[in-house]
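Please look at the sequence and the structure shown below, and keep both in view while you read this report.

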Amino acid sequence: MAFSILISLFLLQFLNLASSQSFIGVNYGQVADNLPSPSATAKLLQSTAVQKVRLYGADPAMIKALANTGIGIVIGAANGEIPALASDPNFATQWINSNVLAHYPASKIILITVGNEVLLTNDQNLISQLLPAMQNMQRALSAAALSGKVKVSTVHSMAILSRSDPPSSGLFNPAYQDTLRRLLQFQKDNGSPLAVNPYPFFAYQSDPRPETLAFCLFQPNSGRVDSGNGMKYMNMFDAQVDAVRSALNAMGFNDVEILVAETGWPYNGDSNEAGPGVENARAYNGNLVAHLRSMVGTPLMPGKSVDTYIFALYDEDLKPGPASERSFGLFKPDLSMTYDIGLSKISLTPSTPKTPSPKPTKACWCVPKAGVSDAQLQASLDYACGQGIDCGPIQPGGACFEPNTRASHASYAMNLYYQMSAKNPWNCDFSETATLTSQNPSYNGCIYPGGSA
């Protein structure tokens, strides 16, 4: 009975993963001269679990290509358009007519971002025009009977925070507080999210220690306890998002949602850059996707996943700056994967056999390697149980509590984490302390769920 219940729960979670990816989006930047056609890009997106795409502008060819796909579309008004949007309501009306009404509802436009990291420009004239521009955009949407269907926001750098560590102490920079208070009141009134760009990659560059890398890549680590509230953080993404949550709460905007407009990790960089690489990029983005799918949430926002747009769909070969700036693409111009992070629909749903006698797949479990230290096992145990899996069976009285050893408990937790994730090889890595096996580690009444290899 216990086994059948466990399998039922596992299948339910599996089906949920396959059908509900509404919180996973991707950024589509166009500072490049080698991008695939809009129609090819739309087909590529449809082959993935990505449900939303963020454009930095309002490219009509791309918006049209996404028509009738069901994919949510974020479009943007550039910083250079803000003065006209702020001063002329007719300009805002024309902008909505051309970029939204011309395509809606076949193209599922869900959000308009007015400007990108405007506060960081320190251009006081532009900053003062941001809210009026958003207000005129909102009025134009209301006049078109789209209020509530298409929302209006703006995107901020994490530099709007003056304090973020520990997360409970998160505060907005005093220099921006008056502006932010007005913007956030507008967003509260209209139900739109605060959009931010958290990048654990940059946090690691400023603190390139091995333990910081593991914390940034969602890999097993000892965690960091928030001295303000005692909550334990197992990854930098949650810490950064919760710092924004704390800053919002401190200003009284507890009900304004957070949207992660950009986050990612480069697979290549210059020799003097800390952190870029295929394995690190695969680990960050793959583990991020698994973390979002787990629905465990963050310590301050448990039980739900923040809408998150991964940067980026393709490399942008014309971007200036270090090599890492041109190396964030999940896919290449020929539409092949740069590396696999488990977004393909094929990896999420059972395939239909093309032959009468499909090759049987063998069962597969994730277990610790021999010779792993207790300290490493404890770190893996803490990490796995911190990602939303049910570690009740290894608690006192649970079916898998005996033998009461770190190795046995870590083995159960590591395997359950692997089975509940996308089951990619890196989901059974645990800083190179785990391996996949075809031998079922279940014993007595302790059942280890096992997927197929």
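## The largest cavity

The residues that line the largest cavity divide into four nonpolar, four polar and two charged, where Ala, Val, Leu, Ile, Met, Phe, Trp, Tyr, Cys and Pro count as nonpolar, Asp, Glu, Lys and Arg as charged, and the others, Gly among them, as polar. This is a predicted model, in which local features need pLDDT of at least 70 and side-chain atom pairs count only at pLDDT 80 or more, while totals for chains, interfaces and linings use all residues. Residues are numbered from 1 along each chain as its sequence is written, and side-chain values use heavy atoms, with hydrogens and water left out.

A cavity is a set of points, on a 1 Å grid over the protein atoms alone, where a 1.4 Å probe fits but cannot get out, and its lining residues have an atom within 4 Å of a point. About 70 Å³ of space lies in the largest cavity, the volume being the space filled by probe spheres set on the points, which are joined across faces, edges and corners. Its lining includes Phe 237, Asp 238, His 291 and Leu 292, and the elements that give two or more residues to this lining are α10 (236–250) and α11 (278–294); helices here are DSSP runs of H or I with at least four residues, and strands are runs of E with at least two, numbered from the N terminus.

## Aromatic rings

The structure holds 15 aromatic pairs, that is, rings of Phe, Tyr and Trp (its six-membered ring) whose centres lie within 6.5 Å, with planes under 30 degrees apart counted as stacked, over 60 as edge-to-face and the rest as tilted. One of them joins Phe 201 and Phe 328 edge-to-face, at 6.4 Å centre to centre and 85° between the planes. This pair links distant parts of the chain, since Phe 201 is in helix α8 (residues 200–205) and Phe 328 is in the loop between β12 (308–310) and β13, 127 residues apart.

Both Phe 201 and Phe 328 are buried, meaning under 20% relative accessible area, whereas exposed means over 50% and partly exposed in between (1.4 Å probe, protein chains only). Phe 328 also pairs with Phe 311, and because their planes stand at 70°, with centres 5.2 Å apart, that pair is edge-to-face too.

## Helix α12

The buried residues of helix α12 are Leu 377, Ala 379, Ser 380, Leu 381, Tyr 383 and Ala 384. What covers these buried residues includes β13 (363–368) and α13 (406–420), where contact means heavy atoms within 4.5 Å.

Key
1 Å grid on protein atoms, 1.4 Å probe; cavity = no way out; pocket = protein on both sides within 12 Å on 5 of 7 lines; lining within 4 Å.
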